[in-house]
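These are my notebook entries on the structure shown below. I set down each item in the order in which I looked it up.

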Amino acid sequence: METVSVKGLVVRTVNLSEADRLCEIYTDTLGLITASAKGARYLKSGKLSGTIQFCYSSFLLTKKGDRYAVKEVTPIESFFNLRSSLEGMALASYFCEILSTVGTADPEPELLRLTLNSLYAIAGTKYPLPIIKGAFEIRAMAMIGFMPEVLDCRVCGEKTGDFFFDIMDGTLICDECRNSLEAEDEFDDGHQAYIVAMLSEGAKIALGYCIFSPLEKLFSFRITEDDTDLFCRAAERYLVNHLERTFKTLEFYHEVSHT
């Protein structure tokens, strides 16, 4: 039986019995795995705290075939403070559901780091939750291969003013070019049906910043309330449409945040 050491974030748990727990873990070296934790639900178990959702832990795993089991676990960060807010917990659950959806056996250390930074931001209450949400969504999509081109108009190269964000094409078109192409019946080029999000110049700059900024500075930008609404709507629509699914945790987040 092989023994493996990893660090990982517990993104989902399922109770197997009165004592055991099944953990879905996004790890630094094995990607997304599922591991059983025998006896983890006992109050005196050494596995209890390190195998709960949102906990980032160091795991010693045993491997038999393609199955993993938790032999030992040491919590590194529990993100306890994010549990003080229902809205914060809902957002953290949404991030974890995204990891559960996009995760594979191929490790993505930067995506893990993005998620940990985002959970720290939620727990720290320094940044508005909508900003954390939008920044995570667009940066995560760029990391997993859906990098949009949001620096300028795809037709004329204009960088200022208001824009239309073609969600499925992942490109921008300025107001003037859109009107010109529509007048010439050239806007529908036959690709997947258009899903368009309006972007102000401020919202466009925010999207570009979140894609290219260092992760440690991801949430450190200022934006007006109106621009925030456009930025968040565009980031969410981009993720949901490219992943081609809805998320129950996202629906719950909107319910408790009234957005």
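I take helices (H or I, at least four residues) and strands (E, at least two) as DSSP runs, numbered from the N terminus. On that basis, I place L119 in helix α2.

**Entry 1: source and conventions.** I note that this is a predicted model, in which local features need pLDDT of at least 70 and side-chain atom pairs count only at pLDDT 80 or more, while totals for chains, interfaces and linings use all residues. Residues are numbered from 1 along each chain as its sequence is written, and side-chain values use heavy atoms, with hydrogens and water left out.

**Entry 2: the whole protein.** I looked up the overall make-up and found 7 helices and 9 strands. The C-alpha atoms fill a box of roughly 70 × 35 × 30 Å, taken along the principal axes. I use "buried" for under 20% relative accessible area, "exposed" for over 50% and "partly exposed" in between, with a 1.4 Å probe and protein chains only. Of the 259 residues, 47% count as buried. I use "contact" for heavy atoms within 4.5 Å. Among the contacts with a separation of 6 or more, 61% come from residues 24 or more positions apart.

Entry 3: Is L119 buried or exposed? Its relative accessibility is 0%, so L119 counts as buried. Setting aside neighbours within four places in sequence, I find L119 in contact with L9, F54, F79, L82, A92 and F95.

I then turned to the helix itself. The expected span of a helix is 1.5 Å times one less than its number of residues. For the 16 residues of α2 this gives 22 Å, and the end C-alpha atoms are 22 Å apart, which agrees. The buried residues of α2 include L111, L112, L114, T115 and L116. Which elements cover the buried residues of α2? The cover includes β1 (2–15), β2 (21–27), β4 (56–64), α1 and α3. After α2 comes T125, with a positive phi near 55°.

**Entry 4: α1 against α2.** I take axes as lines fitted to C-alpha atoms, for helices over the stretch in contact, with angles running from 0 to 180 degrees between N-to-C directions. Helix α1 (residues 86–102) and helix α2 (residues 109–124) pack at about 175°, and their axes are 10 Å apart. Angles under 35 degrees count as roughly parallel, over 145 as roughly antiparallel, 65 to 115 as roughly perpendicular and the rest as oblique. The pair α1 and α2 is therefore roughly antiparallel. From α1, the residues G88, L91, A92, F95, L99 and V102 meet L111, T115, S118, L119 and I122 of α2. I class Ala, Val, Leu, Ile, Met, Phe, Trp, Tyr, Cys and Pro as nonpolar, Asp, Glu, Lys and Arg as charged, and the others, Gly among them, as polar. The contact of α1 with α2 then has 8 nonpolar, 3 polar and no charged residues.

**Entry 5: α3 against α5.** Helix α3 (residues 129–143) packs on helix α5 (residues 201–212) at an angle of about 55°, with the axes 8 Å apart. That angle makes α3 oblique to α5. I call a crossing left-handed if the near helix is turned anticlockwise from the far one by less than a right angle, and right-handed if clockwise. The crossing of α3 and α5 is right-handed. Its contact is formed by A135, I138, R139 and A142 of α3 with L207, C210, I211 and F212 of α5. By class, this contact has 7 nonpolar, no polar and 1 charged residues.

In α5, the buried residues are A203, K204, A206, L207, G208, C210 and I211. Their cover includes α3, β6 (149–153), β7 (163–166), β8 (171–174), β9 (196–199) and α6 (225–243).

**Entry 6: α3 against α7.** Helix α7 (residues 248–257) packs with α3 at about 160°, with the axes 13 Å apart. This makes α3 roughly antiparallel to α7. The crossing of α3 and α7 is left-handed. Here L129, P130 and K133 in α3 meet L250, Y253 and H254 in α7.

**Entry 7: V70.** With 4% relative accessibility, V70 counts as buried.
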